[in-house]
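Hi,

Here is the structure I promised to send over. Have a look at it first, and then read my notes below.

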Amino acid sequence: MNDQIKYLLQESDIPTTWYNLAADLRNPPAPVLHPATHEPITPADLLPIFPENIIAQEVSTEREIEIPGPVREIYKQWRPSPLFRARRLEKALDTPARIYYKYEGVSPAGSHKPNSAIAQAYYNKVAGVKRLVTETGAGQWGSSLAMACNFFGLACEVYMVRVSYNQKPYRRAIMETFGAKVTASPSPTTEAGRALLAKNPESSGSLGMAISEAVEVAAKDPDTKYALGSVLNHVLLHQTVIGKEAALQMKLAEDEPDIVIACTGGGSNFGGMAFPFIGEVLRGERQPLRIVAVEPEACPSLTRGRYAYDYGDTAHLAPITKMHTLGSTFVPPGFHAGGLRYHGMAPLVSQVVEEGLAEATTVAQLESFAAGVQFARAEGIVPAPESNHAIAAGIREALKCKEEGISRAILINVSGHGHFDMMAYLDFIGGKLQNYAYPEEEIAMALAGLPNVGDV
Ligand SMILES: *Cc1c(COP(=O)(O)O)cnc(C)c1O
């Protein structure tokens, strides 16, 4: 161990391959099903919405997948991202723990999401696609994809969850600055959107609804494909640059993590950080360690959802996958400010939790923001509300170290900065936020709509 604050790598240390966890898992991933027939989906079924090269990656079991040169060139603008030792936070907590954080907020969009957006735009470009269509919640993914499409000369269309469209005009401004077209969802521009509006003209929208609209647009136009910012195997794959770099940086720090912590919405920053470490454990190259996925109490798919086959979207156009889910009709409470609102979880993240390779926990809204404020005051970085969940869980572990008089190394993924979420911080500081645990009856109601897929 040494006394540095930050551990920096060179451009030449940017990984040359992504790590594919599917190569090392003991059990094969559950088959993905067609939303209409409930039969195992074939690559051909996916061709209307994804290009062939991405589909190949989605089902690959190759351990290391080469990062294409043009993608790595763009990564160089902000990668390798820094790893910090949170020495002032340690002092503030008066803990013997060694707290490290990998900071993905240095990307131009301010989060980890460009790691996959750049790759997806590249693969679509080389496949001859002209336009990408996607959904976005808070706007992080939409702005990342808008930037990536602009780099590769693709048109970009974004369906933005209506409540965010109204509350987060600056994220929309970024997308439009990059040249994307942004539509509030549900919208009258698609069949799925019109059906949703007919049922509820005041709908605040959800990621599930916006996905339906985006998938429909892609399926109807041969020059347009769909891009998803999380959940799918290839997205988690692209994010593994985070964990690969972090493992190298922990070596520079002459330390090894005892606990790795990341927040989980769809699971991509968690998978990106955790999978390279889990892979080393599965291959016997590293002692088992604790890996912790953290989600909001208001959207508790991993901890209170069911591990079952469910639809990926509201209109049932996207494939059915086996995952921890709250039901595809789940709509998160409007006053939940912490992001991480998707009803399901990445199948690979669900599987590692189900197989005991990782654990899951929840953090309530107020604890999450309090942790973010404490982190900001100690480290000078205002984290994204999503990242606050991981920080809160890290602080819990650091305080446990203090109680037990043990020094453990805690590695936290700080997935982004919160500069576009300052309204949520103002609400917290003004005492306007409250805790909200999703009611059991509501979860039961949404789960009643799970597809009946029989024995798969
Ligand atoms: C989107 C986002 C998340 C959650 O998405 P995952 O796919 O679970 O990583 C977390 N943090 C930030 C900053 C985000 O923008």
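What volume does the second largest pocket have? It comes to about 700 Å³. Bear in mind that this is a predicted model, so please read everything here as computed from it.

Staying with that pocket, 36 residues line it, and Val32, Glu58, Leu232, Asn233 and Thr321 are the ones closest to its centre. By class, the lining splits into 26 nonpolar, 8 polar and 2 charged residues. Several elements supply at least two lining residues each: the helices α1 (43-46), α2 (52-59), α10 (207-220), α11 (233-238) and α15 (347-354), along with the strand β13 (320-325).

Now for the ligand. There are 17 residues around it, and Lys113, Ser230, Gly265, Asn269 and Ser415 come nearest. The class make-up of this shell is 3 nonpolar, 12 polar and 2 charged residues.

- Ser230 has a polar side-chain atom 2.4 Å from an oxygen atom of the ligand.
- His112 also places a polar side-chain atom by a ligand oxygen, at 3.0 Å.

How much of the ligand does the protein bury? On its own the ligand exposes 380 Å², and 94% of that is buried by the protein.

That's what I have for now.

Cheers

Terms used
Residues are numbered from 1 along each chain as its sequence is written. This is a predicted model: local features need pLDDT of at least 70, side-chain atom pairs count only at pLDDT 80 or more; totals for chains, interfaces and linings use all residues. Side-chain values use heavy atoms; hydrogens and water are left out. A residue is near a molecule or strand if one of its heavy atoms lies within 4 Å of it. A polar contact is a pair of N or O atoms within 3.5 Å; within protein, one must be able to donate a hydrogen and the other to accept it, and residues adjacent in sequence count only if both atoms are side-chain atoms. Accessible areas come from the Shrake-Rupley method with a 1.4 Å probe; for residues, only the protein chains shown count as cover. Ala, Val, Leu, Ile, Met, Phe, Trp, Tyr, Cys and Pro count as nonpolar, Asp, Glu, Lys and Arg as charged, and the others, Gly among them, as polar. On a 1 Å grid over the protein atoms alone, a cavity is a set of points where a 1.4 Å probe fits but cannot get out, and a pocket is an open set with protein on both sides within 12 Å along at least five of seven lines; lining residues have an atom within 4 Å of a point. Grid points are joined across faces, edges and corners, and a volume is the space filled by probe spheres set on the points. Helices (H or I, at least four residues) and strands (E, at least two) are DSSP runs, numbered from the N terminus.
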